[in-house]
Amino acid sequence: MRSFRSAPLPEPKPWTAPLPDAAPPADMAIYQLPTGTYENRAALAYRGGSFGDLRKFAATAVLVQHPAGDLLIDAGFGKGVEEHIAAMPSYRRSPHELGATVHEQLRAKNYDMSRLRGVVITHAHWDHVSGLDELDVPIWMNPAESRYVERAKDAVVFRDIARTREIHGYTFDGPPYLGFSGSHDVHGDGSIVIVEAGGHTDGSVVVFVNLPDGRRFAFIGDLTWQLEGVTLRAERPKMLRMLADVQPERVRDGLLNVIALADRVHVVPAHDVRAYEPIPEWAGSRGGV
Ligand SMILES: [Zn+2]
């Protein structure tokens, strides 16, 4: 039984075709802004994970600087994080450590907030949007996620914060991209491409960021919670797939797409602290946790 339960997903055919064109400007850059962590057990994060293996789940935002305007990917923990956690059902609360918020980290180095065009959220769960409480900039949303947040129980924190925020709607008006069905090329130069990867929530996305030095990143939100989802092809345990994903089969499809790219694109599951290692911290960071 044990080997059956932890059997990996079937190995998808690696992506061998050329990667899509990208012409990022020379002064484009990315930084990570860690805002804290919360605890979870590997056994609950991926099939075959150990119960004694206590993981710190990252709550990290990523700043993508671009001459046409900067964007954040997710927002980490905000000033009201304790209230946000309290708004969740008890089984979703876990011990956590708090660092400086995104807003505090940006302010510490006199970041020019007028450069920030908005926050692209990978999805609307509290641990990705808490930091929006201090960021009065547009929230970038696609129609499926906009519909999701109207009714979803687990979007209560988002709804509360977003009441006083501008929503910047975008659609997947571009062609299929690296196995995903629809895409949105933010700057029109292939440097930041958002793709439709629903299933965790209805309008969950993956954000591809292609840098001038040739490195490519895929910020995959919660398609998997830890890198083992990709490296071991170990999806969430069945119980958690049922609890955490609105359409588990779509999450599996998205994860298989990502696995097929993993040799050529650096994959960053939102909550895996290890995945952020190649990304420098924002120079104004107070060090996070
Ligand atoms: Zn999450």
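Strands here are DSSP runs of type E with at least two residues, helices are runs of H or I with at least four, and both are numbered from the N terminus; two strands pair if DSSP finds at least two bridges between them. The loop between E9 and E10 holds Asp202. This residue is partly exposed, with a relative accessible area of 21%; buried means under 20%, exposed over 50% and partly exposed in between, with a 1.4 Å probe and protein chains only.

Residues are numbered from 1 along each chain as its sequence is written. Because the model is predicted, local features need pLDDT of at least 70 and side-chain atom pairs count only at pLDDT 80 or more, while totals for chains, interfaces and linings use all residues, and side-chain values use heavy atoms, with hydrogens and water left out.

A further open sheet has seven strands in the order E4-E1-E2-E3-E5-E6-E7, again with mixed pairing. Its edges are strand E4 (96–98) and strand E7 (167–169); each has a single partner strand, so one side of each is left without a neighbour in the sheet. Neighbouring strands of this sheet are turned by 30 degrees against each other on average, direction ignored. Strand E1 (residues 29–41) is mostly covered, as 10 of its 13 residues are buried. E1 runs antiparallel to strand E2 (residues 54–65), joined by 11 bridges, and Pro34 faces Thr60 in E2. E1 is also antiparallel to E4, through three bridges, with Gly36 having Leu98 as its bridge partner in E4. Elsewhere in the sheet, strand E5 (residues 116–120) and strand E6 (residues 139–141) run parallel and are joined by two bridges; the partner of Val120 in E6 is Trp140.

The model also includes a zinc ion, whose protein donors are Asp127 (OD), His128 (NE2), Asp222 (OD) and His271 (NE2), lying 2.1 to 2.6 Å from the ion. Donors are N, O and S atoms within 2.8 Å of the metal (3.2 Å for Na, K and Ca), and since water is not among the atoms, sites may look incomplete. The spacing of the donor residues in sequence is D-H-x93-D-x48-H. Asp127 lies in helix H5 (residues 126–129) and Asp222 in the loop between strand E11 (216–219) and helix H8 (228–231), so this pair ties together parts that are 95 residues apart in sequence. Both Asp127 and Asp222 are buried.

Methods:
Axes fitted to C-alpha atoms, helices over the stretch in contact; angles between N-to-C directions.
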